[in-house]
Amino acid sequence: MSFVFICTMQLAGPIGVFDSGYGGLTVYRELVEILPEYDFIYLGDNARVPYGTRSYETVYKYTWQCTQQLFAQNCNLVILACNTASAKALRSIQQHNLPEIQALKRVLGVIRPTAEVIGSITGNNHVGVFATEGTVKSESYRMEIGRFSPEIKVTQEACPMWVPLIEGGYASSTWADYFVRENIDNLLKNDPEIDSIILGCTHYPLLEEKIRSFLPNEINLVSQGGIVANSLKDYMQRHPEIDALCAKNGHRKFFTTDDPAWFNEKAKQFLDLNIESKHIDLS
């Protein structure tokens with residue numbers, strides 16, 4: 001009886017997708033492709049990007065602010081399409097904030113879905129991770145992969161310049177060549193046996209072609225978008241009470257904490273289509 005009461009009082013709304021900037025659009029794109037009937041709202045905190053070098057406290061504060069904004073837009077489910085936010089804020093939000101809310105709300109991240117499947121991708125249990133400094137320092141990938149595949153050796157490489165290069169529009173530049181090659185060399189020097197590398201930041205698929213050009217052909221490069229989207233589809237099937245609270249009209253909305261015109265232009269790199277975003281104030 002209580003389940004019926006909650007569902008009748010709580011209106012179905014869009015699925016919220018949050019990232020510190022544009023990177024989460026790589027996940028959003030896959031979500032829309034695999035779950036096209038669902039409504040989605042995307043929020044990019046572009047005014048405060050990057051999150052990767054910020055403290056746990058700051059990332060948590062920013063992430064919770066953005067999550068609350070999506071809740072205010074009637075989102076009952078929010079995907080943190082940001083590895084740094086997933087690493088530094090997700091657990092606190094799930095354990096401390098959500099239990100205080102008198103509604104059926106859920107917040108999910110992008111690290112666990114990748115950790116769940118990497119064991120079926122690697123052939124020799126040597127896995128690398130490219131990520132931001134914050135994600136690397138959190139040890140989230142080592143811990144999550146260890147839960148599902150404790151036999152896997154995880155070697156991480158922080159890539160602090162990759163997000164600024166991408167956000168600044170320099171993903172195809174020779175500057176990017178230098179930093180990508182350097183980070184690849186560092187990672188493989190630390191473990192020459194790596195056969196699979198996780199792109200542990202949702203911005204990094206924009207560098208995927210460049211990364212592959214410097215990477216040995218036999219190494220798998222694992223992007224998160226499709227993994228997260230398929231994981232969410234499975235989640236909906238296993239949690240019909242959450243699925244019932246997600247609207248299915250195929251509607252799309254975009255918000256940014258920075259300039260909408262700039263966001264619209266940059267979003268073309270990720271979505272290959274024209275969008276109209278709106279500014280949202282978090283103050």
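Gln 156 is buried, with a relative accessible area of 10%, which is under the 20% cut-off for that class. The residue belongs to a predicted model of a protein chain with 14 helices and 10 strands.

**Around Gln 156**

- Gln 156 is part of strand β6, which covers residues 153-158.
- Setting aside neighbours within four places in sequence, Gln 156 is in contact with Val 129, Thr 135, Val 136, Glu 139, Tyr 141, Arg 142 and Leu 187.
- Glu 133 is 23 residues away from Gln 156 in sequence, and their C-alpha atoms are 9.8 Å apart in space.

**The six-stranded sheet**

- An open sheet is formed by six strands with parallel pairing, in the order β4-β3-β1-β2-β9-β10.
- The edges are taken by β4 (106-108) and β10 (278-279); each has a single partner strand, so one side of each is left without a neighbour in the sheet.
- Strands of a sheet pair through backbone hydrogen bonds, in either a parallel or an antiparallel manner.
- Strand β1 (residues 15-19) pairs with β2 in the parallel sense over five bridges, and Val 17 has Tyr 42 of β2 as its bridge partner.
- Strand β9 (residues 252-256) pairs with β10, also in the parallel sense, over two bridges; Thr 256 stands opposite His 279 of β10.

**Strand β2 and its two faces**

- Strand β2 spans residues 40-44, and five of its five residues are buried.
- In a regular strand, side chains alternate between the two faces of the sheet.
- On one side of β2 are Phe 40, Tyr 42 and Gly 44, on the other Ile 41 and Leu 43; all are buried, and both faces are covered.

**The chain as a whole**

- A compact globule of 283 residues would have a radius of gyration near 19 Å, and the 18 Å of the protein chain agrees with this.
- Along the principal axes, the C-alpha atoms fill a box of roughly 55 × 45 × 35 Å.
- Of the 283 residues, 54% count as buried.
- Among contacts with a separation of 6 or more, 78% are between residues 24 or more positions apart.
- The chain exposes about 12,800 Å², and carbon and sulfur atoms supply 50% of this area.
- There are 25 positive and 33 negative side chains, and the centres of the two sets lie 4 Å apart.

Methods:
Residues numbered from 1 in each chain as written. Predicted model: local features only at pLDDT ≥ 70, side-chain atom pairs only at ≥ 80, totals over all residues. Heavy atoms only, no water. Helix = DSSP H or I, 4+ residues; strand = E, 2+ residues; numbered from the N terminus. Rg over C-alpha atoms; globule rule 2.2 N^0.38 Å. Buried < 20%, exposed > 50% of the residue type's maximum accessible area, 1.4 Å probe, protein only. Contact = heavy atoms within 4.5 Å. Areas by Shrake-Rupley, 256 points an atom, 1.4 Å probe, with all protein chains shown as cover. Lys, Arg positive; Asp, Glu negative; His and termini not counted. Charge placed at Lys NZ, Arg CZ, Asp CG, Glu CD. Pairing = 2+ DSSP bridges.
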